[in-house]
Amino acid sequence: MKFTRCFLMLVGLFFVSCTSIETFPPYQKHRKRTEFITTGSKGMISTSHRLASKAGLDMLKMGGNAADAAAAVSFMISVVRPQSTGIGGGGFMLYFDKGTKSTSVYDFRERAPFKASRDMYIDKQGKPIDFIYKGHRIPNASVNGHLAVGTPGLVAGVIEAHSKHGKLSLAKVIQPAIDTARNGFKVYIRLAEAIKRKQQVLNKFEASKKIFMPNGRPLKVGDTLVQKDLAWTLEQTKKHGRDGFYKGKVAKKIVAEMKRGKRLIRKNDLIAYNVKTHKPVVGTYRGHKVISMPPPSSGGIHIVQILNILEGYDIKGMGHNTTKSAHIITEAMRRAFADRAKYLGDPAFTKVPQKGLLSKQYANKLRSTINPKKVASSKEVGAGTPAAYESPSTTHFSIVDKWGNAVSSTQTINYTFGSGVVAAGTGVVLNDEMDDFSKKPGVPNVFGLVGSEANSIAARKTMLSSMSPSLVFDKNNQLLLVVGSPGGPTIITATLQTILNTIDHRMPLADAVHAYRIHHQWLPDQLFYEQNGLEYNTILDLQKMGHKLTPKDAMGSVQAIRRVGKKWVGVSDTRREGYPLGY
Ligand code: DON
């Protein structure tokens, strides 16, 4: 028995280390394999920056648990990925407690300010408005500038989860981030690209310009990014806990910044910010338990809904990214996203038919509408507008500690550099999460997503998200996978396909993460596929069936951990940066 188990473990590890690099998408071929796949027997951390993984690992080695590591990672990633996330944003976190076998869900998403209202981004003619600042017209007010900002939740959420589950002090877990903000770190390719891309907006706001475009020019690769004001804000948080951010000197400066933009967030919004806890979404797929994020995310519901539909097919038998499997998976995705547009929103404001959407019977019904040879009728699908390119923002990280506790967390300021506004004197990049609301039924947001009344804007409401931090348990109810991704709506489909690749195609984790992906979000009516990810004949066959195909560079960027025998394997998707570290 022991021998068999050892043998199976060795076979598992052999597969993990034999993953063929040639099958990976060619995004970062220059990177060494050891930089994005690693193993460890005690703990594992996969994040989108080496310094963040290191901060987390240091906590584990100091005797901290997954919650301590998660807090250290959250603060550090806020410093080193200011284009993606930060303490001016929000996120979701799942904490799996091995002792009680229970999963706690933390929702520290931004909330609409008290002053927000349904049509705030629409003019009298019903057209989306621009933001006017000091005489400058900045396009798209729900994305750029002060009006786009939702009340940030990240500091409150991270501190709350940490104080419930962590063992180390807040001072310990926040210190690495303070040091890195104060001393600086080297600007890397994606950060330099993001500054360059957003420079027209960053340029308009003095505090943003000072940090990211000193001397009026965007920072370049190899420059050192020093964030002294951010170090001060983190110090205030270290000293006073959540009040250090939501009350006192930092809050004053945030409110002053909002006034400068003559916009929404006031003292009361910050004081009233509350972290929410929810029951997780729980589903099953071929005997595996899947735990994921409930509303106000759409992620968990739709991952489980799509898995429920796909359970009725022999996905493995169809093969990976073949005409058959791509067609069926696409049709399942399109049905789930159609439901997302109609039913999903903040559960405190709208009744989400969660039970119905998650039921196997409903999946059977949807499955029966799928024609294996043809796409659904265009009447059912409707007309769309092409999605904008994917921004390099948002971040996911996965953590497991030596006790078997785990954290799966996705955090964001939404689009690249959020609103582009730094609250002067704080170093805090403010989010543009308000764009995740449906500003008008049927009008697509920056990710091409449409919504209905369920996701309309209201004071204190939470905007709908696609962020899908997830956990998968094997048939013996042992933690198998910690997984999630950035990428707007592709978060859902990237996380889904990593699960399918693991369970159906039995791929080792590095392959499951790196295998080419497809994506369909109902509207626009496009089947997106990663460049080179489908055979030419498959593309032709899918077109014959009625699919409208569009190639994309890369979709999502998964940070995952998998258990193989008694070891943990950590993988960081090479589609963007990332670095797993274990011990
Ligand atoms: O919550 C959401 O669904 C979005 N704000 C996430 C944005 C995102 O992933 C941008 N990344 N590439």
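How are helices α12 and α18 oriented to each other? Good morning, and let me take that question as the way into this structure. This is a predicted model, in which local features need pLDDT of at least 70 and side-chain atom pairs count only at pLDDT 80 or more, while totals for chains, interfaces and linings use all residues. Residues are numbered from 1 along each chain as its sequence is written, and side-chain values use heavy atoms, with hydrogens and water left out.

First, the helix pair. Helix α12 covers residues 299-310 and helix α18 covers residues 490-503. Helices here are DSSP runs of H or I with at least four residues, strands are runs of E with at least two, and both are numbered from the N terminus. The axes of α12 and α18 come within 10 Å and cross at roughly 45°. An axis is a line fitted to C-alpha atoms, for helices over the stretch in contact, and angles run from 0 to 180 degrees between N-to-C directions. The two helices are therefore oblique to each other; under 35 degrees would count as roughly parallel, over 145 as roughly antiparallel, 65 to 115 as roughly perpendicular, and the rest is oblique. The crossing of α12 and α18 is right-handed, meaning that the near helix is turned clockwise from the far one by less than a right angle.

On the α12 side, the contact is made by G299, H302, I303, I306, L307 and L310, and on the α18 side by I492, T495, L496, I499 and L500. Contact means heavy atoms within 4.5 Å. By class, there are 8 nonpolar, 3 polar and no charged residues. Ala, Val, Leu, Ile, Met, Phe, Trp, Tyr, Cys and Pro count as nonpolar, Asp, Glu, Lys and Arg as charged, and the others, Gly among them, as polar.

Helix α18 also packs against helix α14, residues 323-343, at an angle of about 140° with the axes 12 Å apart. That makes α14 oblique to α18. Their crossing, too, is right-handed. I329, M333, F337 and R340 of α14 meet I492, T493, L496, Q497 and L500 of α18. These residues divide into 6 nonpolar, 2 polar and 1 charged.

Staying with α14, T323 lies in this helix. T323 is buried, with a relative accessible area of 17%; buried means under 20%, exposed over 50%, and partly exposed in between, with a 1.4 Å probe and protein chains only. Leaving aside neighbours within four places in sequence, T323 is in contact with T538, D541, L542 and M545.

Now to the interior. In soluble globular proteins, nonpolar side chains tend to be buried together. The largest nonpolar core here has 94 residues, and F75, I87, F212, L234, I399 and M434 have the most contacts inside it. Such a core is a set of buried Ala, Val, Leu, Ile, Met, Phe, Trp, Tyr and Cys residues joined through side-chain atoms within 4.5 Å. Helix α3, residues 66-80, gives the largest share of the core, 12 residues. Apart from this core lies another of 66 residues, among them Y285, I303, V352 and F447.

Finally, G40 sits in strand β1, residues 37-40. G40 is buried, at 5% relative accessible area. G40 and K566 are 526 residues apart in sequence, yet 9.1 Å apart in space, C-alpha to C-alpha. Thank you.
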